[in-house]
Amino acid sequence: MPTYSPGRRRVIAALALTSLLLVTLDLSGNRVFDGIRSGASVITRPVRTAADVATQPVVRLWRSFRDYDRILEENRALRAQVDAQRSAEIAAQNAIIENQDLLALEGLESLASYDSVTARLIGQSPSNFDQQVEIDRGAIHGIRVGMSALNEAGLVGKVTRVLPQSSVIMLATDPSFAVPVKVLGTVATAPTATAPTSSDPGPPSTGTDPTSTSVEGTTTETTTVTTTVTTTVTATSLPTIVRETGVLRGQGIDDLPRVSFVSGGTGFGRIEVGDTVFTAGGSTSLAPPNIPVGRVINIITRTGTAGQELEVELTADLARLQFVRVVLYQPPTEAG
Amino acid sequence: MIGALLNGWVPRVTLVAVVLLGLQTTVAAELRPLGVVVQVMLAFAAVCGAVSGPVQGAMAGFAVGLVYDLGVGTPLGSTALTMTVAGYAAGWGRQFRIEPRWWILSGLVALGVALGEGAVPLVRTLIGESDVLTTRILVVVPTVTLTAVVIAPILLPVGRWALRVRVSELRLPGEEVR
């Protein structure tokens, strides 16, 4: 027969109450606990490092077993993709340089204006309910809570805990993650062509002298021909940029992050699948503007006044992070 | 009382917990069957209950949970609470006069781990985290439980050593270990 004594009940109740008390004190921001936690981190670091070194062969063996076929297939696909994107990359680099020149000319800040710290991942979340990673750079490298972490592809997450020599990053898929974003869509203007206009020939000339200028969605092309001057103004399908702002929130490891719109957005219907999502920045956002976040892959229509939500596929592959860059940016309201 | 604890099982359990924390944050975080992180420390908390009984299991689970909270950065006390549940639940079965064979103890560990892991989203929700309680738990809890059953035979001797439980004591269910 099971035995159950009042003493046992008291012990269990004491442990439960102690746990709840600790949680309450910790969540209310207790400096003593922060100190204890930092001390514990320093004490356990050698054990964790030793465990990391000792278990590396097992981990590598497991990764080889688990990932070999997928990596082989992915490698083939990536080679094909790299070939296809080489020319696009050159054009994109040129555009980036021009963009930075223009921003510098106008005195506007860009992502390249901020200092950053590159860090290596040293641990993943050991919990099934958090999406976090640990990096090997901390407070002594200038990292502060709230700073954004990204990799070459885009936004990864934000710093949620900083120790002297390491930090914890909450990934963008974590249900607690939220960041203001803007969705940049494009609306192609319907092509309209004016009839060619003829004028007096004027002085004859030889050859052609085409000039081309581009002004927000329209291209004006002037062609001078030997006998007549023909001007054709054509509105091509160059895009008009549509911008909507909202908040991106993580939805857990199995679901894509979603963007919900703060303003309800009258122009919201213009957002389409494939539109790009960037951080919005702003005086209160902890993330600087224009960090690539991802692409819209689904638009969810909700009933009533709830409006619509966008499912966003992140450009950064959070499952295979090795290095991240922490942008040492603090919004004006935080930096003081 | 504190002196008795320090001369008793607390240092050993803490030592084992710190070592397991190293494994938990490295190899266990990497090996993800079905995308689920194997919970070595939770299994150890349940093992402590299975070899010693509900009260000491709960206390050992609390200690292991505190080490986890300090090492991982989860709100201090949250994992301690869930591991207290695991240790108590695993030890609860030891009150019955059953032959404590290794597979029965593994079953008790499974019970403790299932309740302990199942309690995690409840505690997280209780402390204000949103969207933690999802259908994913239907995959997480069985997987964590199954992997705990697999590693329980390895952890049982470790748990006995940490709690200073002799095999002869293990064979006398209902007795509290000092």
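The expected span of a helix is 1.5 Å times one less than its number of residues. Helices (H or I, at least four residues) and strands (E, at least two) are DSSP runs, numbered from the N terminus. The structure shown is a predicted model, in which local features need pLDDT of at least 70, side-chain atom pairs count only at pLDDT 80 or more, and totals for chains, interfaces and linings use all residues. Residues are numbered from 1 along each chain as its sequence is written, while chains are lettered from A and ligands numbered from 1 in the order in which they are written.

**View 1. Helix α2 of chain A and its bend at A:D67.**
Helix α2(A) comprises residues 31–106 and spans only 44 Å between its end C-alpha atoms, whereas a straight helix of 76 residues would span 112 Å at 1.5 Å a residue. At A:D67 the helix bends by about 60°, the bend at a residue being the angle between axes fitted to the seven residues ending there and the seven starting there. Burial is assigned from C-beta atoms placed from the backbone: a residue is buried if 20 or more other C-beta atoms lie within 10 Å of its own, exposed if 12 or fewer, and partly exposed in between. By this criterion α2(A) is hardly covered, with five buried residues among its 76. These are A:R37, A:S41, A:T44, A:R48 and A:A51. Their cover includes α2 and α5 of chain B.

**View 2. The contact between chains A and B.**
Two residues are in contact if their C-beta atoms, placed from the backbone, lie within 7 Å. The contact takes 41 residues from chain A and 47 residues from chain B. On the side of chain B that touches chain A, two or more residues each come from α2, α3, α5, α6 and α7 of chain B. The largest share of that side, eight residues, is given by α5(B). Its composition by class is 28 nonpolar, 14 polar and five charged residues; Ala, Val, Leu, Ile, Met, Phe, Trp, Tyr, Cys and Pro count as nonpolar, Asp, Glu, Lys and Arg as charged, and the others, Gly among them, as polar.

**View 3. The largest nonpolar core, with B:V47 among its residues.**
Chain B has nine helices and zero strands, and buried residues make up 60% of its 178 residues. A nonpolar core is a set of buried Ala, Val, Leu, Ile, Met, Phe, Trp, Tyr and Cys residues joined through C-beta atoms within 7 Å. The largest such core has 72 residues, and those with the most contacts inside it are B:A43, B:F44, B:A46, B:V47, B:V64 and B:V109. Elements giving two or more residues to this core are α1 (6–27) of chain A and, from chain B, α2 (10–25), α3 (27–30), α4 (40–52), α5 (54–72), α6 (78–92), α7 (102–126) and α8 (137–162). The most, twelve residues, comes from α5(B). Beyond its neighbours within four places in sequence, B:V47 contacts B:V109, B:A152, B:L155, B:L156 and B:G159. Another core, of 41 residues, lies apart from it and includes A:V156, A:V179, A:V181 and A:L286.

**View 4. Helix α6 of chain B.**
The 15 residues of α6(B) reach 21 Å from the first C-alpha to the last, close to the 21 Å expected at 1.5 Å a residue. Of these 15 residues, 15 are buried, so α6(B) is largely enclosed by the rest of the structure.

A:L155 counts as buried because 29 C-beta neighbours lie inside 10 Å. Residues touching A:L155, leaving out those up to four places away in sequence, are A:S148, A:L150, A:A172, A:T279, A:I291, A:P292, A:V293 and A:A316. Although 137 residues apart along the chain, A:L155 and A:P292 have C-alpha atoms separated by 6.1 Å.

**View 5. Positive phi at A:N290 and B:R164.**
A:N290, a residue other than glycine, has a positive phi near 70° and is placed in the loop between β14 (276–279) and β15 (292–301) of chain A. A:N290 is partly exposed, with 18 other C-beta atoms within 10 Å. B:R164, likewise not a glycine, has a positive phi of about 55°; its place is in the loop between α8 and α9 (167–170) of chain B. B:R164 is partly exposed, with 13 other C-beta atoms within 10 Å.

**View 6. Confidence along chain A.**
pLDDT is the predictor's confidence in each residue, from 0 to 100. The mean for chain A is 77, and 75% of its residues reach 70 or more. Within chain A, confidence is highest in strand β5 (residues 167–171), at a mean of 93, and lowest in strand β9 (residues 211–215), at 38. Over residues 192–236 of chain A, pLDDT stays under 50, and the model has 46 contacts beyond four places in sequence for this stretch. Where pLDDT is low, the predicted coordinates should not be read in detail.
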